[in-house]
Amino acid sequence: MSTLTHDTPVGGTPAGPDVAAARVSAGLAFALVSAVSFGLSGALARGLIETGWSAGAMTLVRVALGAAALTPFGIAALRGRWGVLRRNLGLLAGYGTVAVAGAQFCYFSAVQHMQVGPAILIEFTAPAAVVVYLWLWRGQRPGRMTLAGAAVAALGLVLVLDLLSGASLSVPGVLWALGAMVGCATYFIISADGDNGLPPLVLAWAGLVVGGLVLGLLGVVGVLPMRASTASPSYADVDVAWWVPLVLLGLVTAALSYVAGIAAGRRLGSRLASFVALLEVVASVAWAWLLLAELPGAAQLVGGLLILAGVVGVKLGERSVVTTEPVPA
């Protein structure tokens, strides 16, 4: 998931057409890298799960490696302003616990019980949850386009869960995926808040650090099972060393995806970058198909398309939001 905090591309002075076009092209490239790299996480986790790794252990390794890789960049972006971290300790605690550690742990736990495709599709109903949150807690009443998009996404969720056919459903998997959705929604809400004074890269780095500390503490006290294995996982019928997917989880699906997502958001703005971020769903399904030979059924694929269409509707309706509380001039 890419960190998006600016509604318009960040820049000093207005750029000419050629510079603006190059900026957008570079932003789209970064967004694509972020989506494809993050989408790889589910397939890698599934292979490790089958060799005996627990969701807690995988999440801890992924978050810890990502935090270590981003540490020099985060410190450089902070520029010695350590006070901004102290002022936002509560925010960072919630971000690291719920949006980083919670979302990833719930997603990996969901993958233990269901296919990667349906799990990521359920998680990406988060924009609809954000709409409900902003409506109930901040008085931002959604417009017709937003409500229509949320309804379409809800219909797609019914098809993804295969509720109409009466097929057997993994209740634990669905609950874990919904937990990942809550974490993802929290991620979007906090990441979009540009008033906290935290540079985007610092927020991503600090969130990973806090998430790693929380996961490590839960593992030490025995609340979170930490099982590991040195057995070789198999991807696309090829056995690989146990440490290979772990390194990829930490450096590619965490550190690289965050940095590329931040670079995309600064060049494209949050609105356009969030649309391109929907490619994470497509990438997750594609990686699961290539590496695990997993492919959702026809009804689930239709449901996935409806969810994506619904999320697009929600995004298109963002500018028609009505705030019920008076806004100062």
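**Contacts, burial and charge**

Modeller: Leu198 touches Val84, Leu85, Asn88, Leu91, Leu92 and Leu203, not counting residues up to four places away in sequence. Keep in mind that this is a predicted model.

Biologist: Where is Leu198 placed?

Modeller: Leu198 sits in the loop between helix H8 (171-191) and helix H9 (200-220).

Biologist: Why does Leu198 count as buried?

Modeller: Buried means under 20% relative accessible area. Leu198 has 9% relative accessibility, so it counts as buried.

Biologist: How far apart are the C-alpha atoms of Leu198 and Leu92?

Modeller: They are separated by 9.9 Å. Along the chain, Leu198 and Leu92 are 106 residues apart.

Biologist: What makes Thr253 buried?

Modeller: The cut-off is again under 20%. Thr253 has 0% relative accessibility, so it counts as buried. Thr253 belongs to helix H10.

Biologist: Which residues is Thr253 in contact with, leaving aside its neighbours within four places in sequence?

Modeller: Thr253 contacts Ser37, Phe38, Leu40, Ser41, Leu44, Arg62 and Leu248. Contact here means heavy atoms within 4.5 Å.

Biologist: Why is helix H5 said to be largely enclosed by the rest of the structure?

Modeller: Count its buried residues. In helix H5 (residues 116-123), 8 of the 8 residues are buried, so the helix is largely enclosed. The buried residues are Val116, Gly117, Pro118, Ala119, Ile120, Leu121, Ile122 and Glu123.

Biologist: What share of the protein counts as buried?

Modeller: Of its 329 residues, 49% count as buried. The secondary structure comes to 13 helices and 4 strands.

Biologist: What share of the contacts with a separation of 6 or more comes from residues 24 or more positions apart?

Modeller: Such residues account for 88% of those contacts.

Biologist: On to charge. How many salt bridges does a search of the whole structure find?

Modeller: The search finds 2 salt bridges.

Biologist: What makes Glu50 and Arg46 a salt bridge?

Modeller: A side-chain nitrogen of Lys or Arg must lie within 4 Å of a carboxyl oxygen of Asp or Glu. The side chains of Glu50 and Arg46 meet at 3.8 Å, N to O. That distance meets the cut-off, so the pair is a salt bridge.

Biologist: Is Glu50 buried or exposed?

Modeller: Exposed means over 50%. Glu50 has a relative accessible area of 58%, so it is exposed. Arg46 has 17% relative accessibility, so it counts as buried.

Biologist: Which salt bridge does Arg46 form with Glu294?

Modeller: The side chains of Arg46 and Glu294 meet at 3.1 Å, N to O. This pair links distant parts of the chain, 248 residues apart. Arg46 is in helix H1 (residues 17-49), and Glu294 is in the loop between helix H12 (279-292) and helix H13 (298-316). Both Arg46 and Glu294 are buried. Salt bridges with shared partners join Arg46, Glu50 and Glu294 into one network.

Biologist: Which residues gather in a patch of positive charge on the surface?

Modeller: Arg79, Arg81, Arg86, Arg87 and Arg266 gather there. Arg79 lies in the loop between helix H2 (55-78) and helix H3 (83-87).

Biologist: Why is Arg79 called exposed?

Modeller: Exposed requires over 50%. Arg79 has 70% relative accessibility, so it counts as exposed.

Biologist: Which residues make the nonpolar surface patch?

Modeller: Leu65, Trp242, Trp243, Val247 and Leu251 make this patch of about 440 Å². The largest share, 3 residues, comes from helix H10 (residues 243-268). Leu251 lies in helix H10.

Biologist: What is the phi of Ala293?

Modeller: Ala293 has a positive phi of about 60°, and it is not a glycine. Ala293 is found in the loop between H12 and H13. With a relative accessible area of 68%, Ala293 is exposed.

Technical notes
Residues numbered from 1 in each chain as written. Predicted model: local features only at pLDDT ≥ 70, side-chain atom pairs only at ≥ 80, totals over all residues. Heavy atoms only, no water. Patch = residues over 30% accessible without salt bridge, like charges linked within 9 Å, V, L, I, M, F, W, Y side chains within 5 Å. Areas by Shrake-Rupley, 256 points an atom, 1.4 Å probe, with all protein chains shown as cover. Lys, Arg positive; Asp, Glu negative; His and termini not counted. Charge placed at Lys NZ, Arg CZ, Asp CG, Glu CD. Helix = DSSP H or I, 4+ residues; strand = E, 2+ residues; numbered from the N terminus. Buried < 20%, exposed > 50% of the residue type's maximum accessible area, 1.4 Å probe, protein only.
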